[in-house]
Amino acid sequence: MTENILEVKNLVKRFDEKVVHRDISFFLKTGETIGLLGNSGTGKSVLLRSLIGLEQIEGGEILFHQQRIDHLSEQQLYPIRTKISYSFQNAALFDSISVYENIAYPLFEHSRLTEDEIKVKVRNILKTVNLEQAIDLMPSDLSGGMQKRVGLARSMVLSPEIMLYDEPTAGLDPVNIEMVLDIMNRFKKQGLSGILVTHDIPAAKKICDRILILKDGMIGFTGTVEEFENSKDPFVQSFLGQ
Ligand SMILES: Nc1ncnc2c1ncn2[C@@H]1O[C@H](COP(=O)(O)OP(=O)(O)OP(=O)(O)O)[C@@H](O)[C@H]1O
Ligand SMILES: [Mg+2]
């Protein structure tokens, strides 16, 4: 049986009186990718941020490899955030430094590799996103799609176990969407687990093993992609029609 690499139990998240998550429970198995859907404002991004302690939660448990990580200090969260990598809704590159420096940055921060070793690693990771030629460019020299791919490369550079993707295909043209999905599929084939937050249903169907839909602070639907597609529930169907 495959291990639950991540498990969320009865998570509660509020901002003052505003309840975002009332009771969220789900699991992620090693190697699988789940799609997290939900209308705008249902708390998909807040949930991803909560998983790595960028948001305080008011109740429940988050387990990574069966160990609770929801009560850790900032310092204890440091190594966790190298294992669970969050790729932001916008690529969030540093504008004033090159592509190379952007990707190398986490390695200088978190690894003991020499500069030469870092150079090799950055080149290799750029190869997987088909951007070797962009190594010395500045973020402002890149198209939106290229920036997304550099962002993905940076999220991958510390060899995480889980990738949290927040709308990786949003705002991209069809060619770049295909490139990003291809990269995600390659990561998946390497054994990476993932949570994909998206409004892009075709993308979710291509990448994900299971689908979760947030509704009223709870999980409104959970099932395989096939169950998702064949669901007779009007709420689920409203997503398929998008
Ligand atoms: N720091 C904050 N303080 C107060 N409310 C917040 C904060 N961050 C998020 N929220 C609220 O939490 C709710 C969920 O926000 P979130 O960004 O997670 O939605 P989402 O599902 O990702 O939406 P979208 O699909 O548009 O990206 C929203 O109502 C938002 O206004
Ligand atoms: Mg969001």
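Reader: Where does Ala92 lie?
Author: In the loop between β6 (84-87) and α3. This is a predicted model, by the way.

Reader: On to α3. At what angle do α3 and α4 pack?
Author: Helix α3 (residues 99-110) and helix α4 (residues 115-128) pack at about 125 degrees, and their axes are 10 Å apart. The two helices are therefore oblique to each other. The crossing is right-handed.

Reader: Which residues make the contact?
Author: From α3, Tyr100, Ile103, Ala104, Leu107 and Phe108; from α4, Ile118, Lys121, Val122 and Ile125. By class that gives eight nonpolar, no polar and one charged.

Reader: And Leu126, buried or exposed?
Author: Leu126, in helix α4, counts as buried because 21 other C-beta atoms lie within 10 Å, and the cut-off is 20 or more.

Reader: What is Leu126 in contact with, neighbours within four places aside?
Author: Leu131, Glu132, Ile135 and Ala153.

Reader: Different pair. How are α5 and α6 packed?
Author: Helix α5 (residues 144-156) and helix α6 (residues 174-189) have axes 10 Å apart and an angle of about 10 degrees. That makes α5 roughly parallel to α6. Their crossing is right-handed.

Reader: Which residues meet there?
Author: Gly145, Lys148, Arg149, Leu152 and Met156 in α5 meet Asn176, Met179, Val180, Ile183 and Phe187 in α6. The residues of this contact comprise six nonpolar, two polar and two charged.

Reader: How many residues has the largest nonpolar core?
Author: It has 60 residues. Those with the most contacts inside it are Leu36, Ile103, Ala153, Leu164, Ile195 and Leu196. Ile103 is also in the contact of α3 with α4, and Ala153 is one of the contacts of Leu126.

Reader: Why would such residues sit together?
Author: In soluble globular proteins, nonpolar side chains tend to be buried together.

Reader: What does Ile195 touch, leaving out residues up to four places away?
Author: Leu28, Ile34, Leu36, Leu48, Leu164 and Tyr165. Leu36 and Leu164 are also among the core residues with the most contacts.

How values were computed. Residues are numbered from 1 along each chain as its sequence is written. Chains are lettered from A and ligands numbered from 1 in the order in which they are written. This is a predicted model: local features need pLDDT of at least 70, side-chain atom pairs count only at pLDDT 80 or more; totals for chains, interfaces and linings use all residues. A nonpolar core is a set of buried Ala, Val, Leu, Ile, Met, Phe, Trp, Tyr and Cys residues joined through C-beta atoms within 7 Å. A residue is buried if 20 or more other C-beta atoms lie within 10 Å of its own, exposed if 12 or fewer, and partly exposed in between; C-beta atoms are placed from the backbone. Two residues are in contact if their C-beta atoms, placed from the backbone, lie within 7 Å. Axes are lines fitted to C-alpha atoms, for helices over the stretch in contact, and angles run from 0 to 180 degrees between N-to-C directions. Helices (H or I, at least four residues) and strands (E, at least two) are DSSP runs, numbered from the N terminus. Angles under 35 degrees count as roughly parallel, over 145 as roughly antiparallel, 65 to 115 as roughly perpendicular and the rest as oblique. A crossing is left-handed if the near helix is turned anticlockwise from the far one by less than a right angle, and right-handed if clockwise. Ala, Val, Leu, Ile, Met, Phe, Trp, Tyr, Cys and Pro count as nonpolar, Asp, Glu, Lys and Arg as charged, and the others, Gly among them, as polar.
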